[in-house]
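The following note sets out several points on the model shown below. Each point may be checked against the coordinates.

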Amino acid sequence: MSSYENIQFEHDGPIARITLNRPKAANGIDQALAEELVRATEYCSEDPAIKVVVLTGAGKFFSAGGDVRAMAAADDAGKFIEKLAGTLHHAVSALARMDALLIVAVNGTAAGAGFSLAVAGDLVVAAESAAFTMAYTKIGLSPDGGASYYLPRLIGVRKTQELMLTNRTLPAAEALEWGLLHRVVPDAELEAAVEELAQQFAAGPKASNASVKKLLLVSSQHTLEEQLATEAAFITRNAESTDGAEGIAAFVEKRAPKYA
């Protein structure tokens with residue numbers, strides 16, 4: 001496993017933890033951080049033992065998004081952002097397509113690409129003090145990081161337009177009401193709440209949970225019949241697996257399953 005300077009990466013059995021770690025820069029995403037995020041996400045994708053990945057930020061911010069100061073200092077802003085967005089998007093794709101579940105713990109403000117990363121989780125838990133804003137058009141840019149993919153699916157086009165065009169800030173409680181989050185907890189309880197979820201899924205059936213991710217990812221691209229066929233293929237594969245056999249046996253025997 002490579003060493004990291006801009007993120008913290010920990011791997012403990014079935015649980016991996018990624019922490020954006022540039023607190024003095026509000027965990028702004030520069031090229032170095034994006035490249036480290038790719039390395040960490042690829043590692044999580046390739047290690048069959050990892051069932052859960054927890055993503056959070058160090059300090060008061062989850063992430064303020066792309067590092068605008070680094071953009072301003074670039075000789076060619078267009079080329080700089082093209083490379084940065086491409087690298088970040090590699091990580092976003094890996095997080096979405098890996099078999100492990102992604103739990104995002106939003107510990108503070110999530111802006112721009114930080115917002116995009118926050119809502120990409122399979123489960124998203126936010127601290128009460130967290131806040132969410134797009135902020136792109138404030139500086140003459142447009143969304144990246146998957147925001148234009150995830151937000152319309154989560155909250156609809158009208159609310160997405162409002163967020164992206166007005167740059168309004170949603171406090172955590174309102175983000176929960178809109179459907180951007182799964183849970184909001186007091187700041188002091190965020191780590192414990194996320195750890196409880198992580199442990200729950202670490203003890204669960206990896207392939208079964210991965211199937212849920214994959215089915216939801218392709219559902220909007222399929223006709224009903226195509227999705228039914230995909231569902232049939234996945235449930236058959238899971239029924240034939242060790243975890244499937246254990247889950248069925250445990251149900252019949254009225255005991256808690258013990259998944260690999």
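**Note on the predicted model**

1. Surface. The accessible surface of the protein amounts to about 13000 Å², and carbon and sulfur atoms hold 55% of that area. The model under discussion is a predicted one. Buried residues account for 48% of the 260 residues in the protein.

2. Overall dimensions. The C-alpha trace extends over about 60 × 40 × 35 Å along its principal axes.

3. Secondary structure and contact range. The protein contains 11 helices and 10 strands. When contacts between residues at least 6 apart in sequence are considered, 67% of them link residues at least 24 apart.

4. Helix 9 and helix 10. Helix 9 covers residues 206–218 and helix 10 covers residues 224–239; their axes come within 10 Å and cross at roughly 170°. Because angles over 145 degrees count as roughly antiparallel, helix 9 and helix 10 are assigned to that class. On the helix 9 side, the contact is formed by Ala207, Ser208, Ser211, Lys214, Leu215 and Val218. Helix 10 contributes Gln227, Thr230, Glu231, Phe234 and Asn238. Sorted by class, the contact of helix 9 with helix 10 comprises four nonpolar, five polar and two charged residues.

5. Helix 3 and helix 9. Helix 3, residues 77–97, packs against helix 9 at an angle of about 120°, and the axes are 9 Å apart. Helix 3 is therefore oblique to helix 9. Leu95, Ala96 and Arg97 of helix 3 meet Lys213, Lys214 and Leu217 of helix 9. By class, the contact of helix 3 with helix 9 has three nonpolar and three charged residues, with no polar ones.

6. Val53. Is Val53 buried or exposed? Its relative accessibility is 0%, so Val53 counts as buried. Val53 belongs to strand 3, residues 52–57. Leaving aside residues up to four places away in sequence, Val53 touches Ala16, Ile18, Cys44, Met98, Ala100, Leu101, Leu102 and Ile103. One of these partners, Ile103, is 50 residues from Val53 in sequence, with a C-alpha to C-alpha separation of 6.1 Å.

7. Glu42. Glu42 is located in helix 1, residues 31–46. With a relative accessible area of 30%, Glu42 is classed as partly exposed. Glu42 and Pro14 are 28 residues apart in sequence, and their C-alpha atoms are 15 Å apart in space.

8. Ala26 counts as buried at 15% relative accessibility. Asn27 is buried too, its relative accessible area being 0%.

Notes. Residues numbered from 1 in each chain as written. Predicted model: local features only at pLDDT ≥ 70, side-chain atom pairs only at ≥ 80, totals over all residues. Heavy atoms only, no water. Axes fitted to C-alpha atoms, helices over the stretch in contact; angles between N-to-C directions. Helix = DSSP H or I, 4+ residues; strand = E, 2+ residues; numbered from the N terminus. Parallel < 35°, antiparallel > 145°, perpendicular 65-115°, else oblique. Contact = heavy atoms within 4.5 Å. Nonpolar A, V, L, I, M, F, W, Y, C, P; charged D, E, K, R; others polar. Buried < 20%, exposed > 50% of the residue type's maximum accessible area, 1.4 Å probe, protein only. Areas by Shrake-Rupley, 256 points an atom, 1.4 Å probe, with all protein chains shown as cover.
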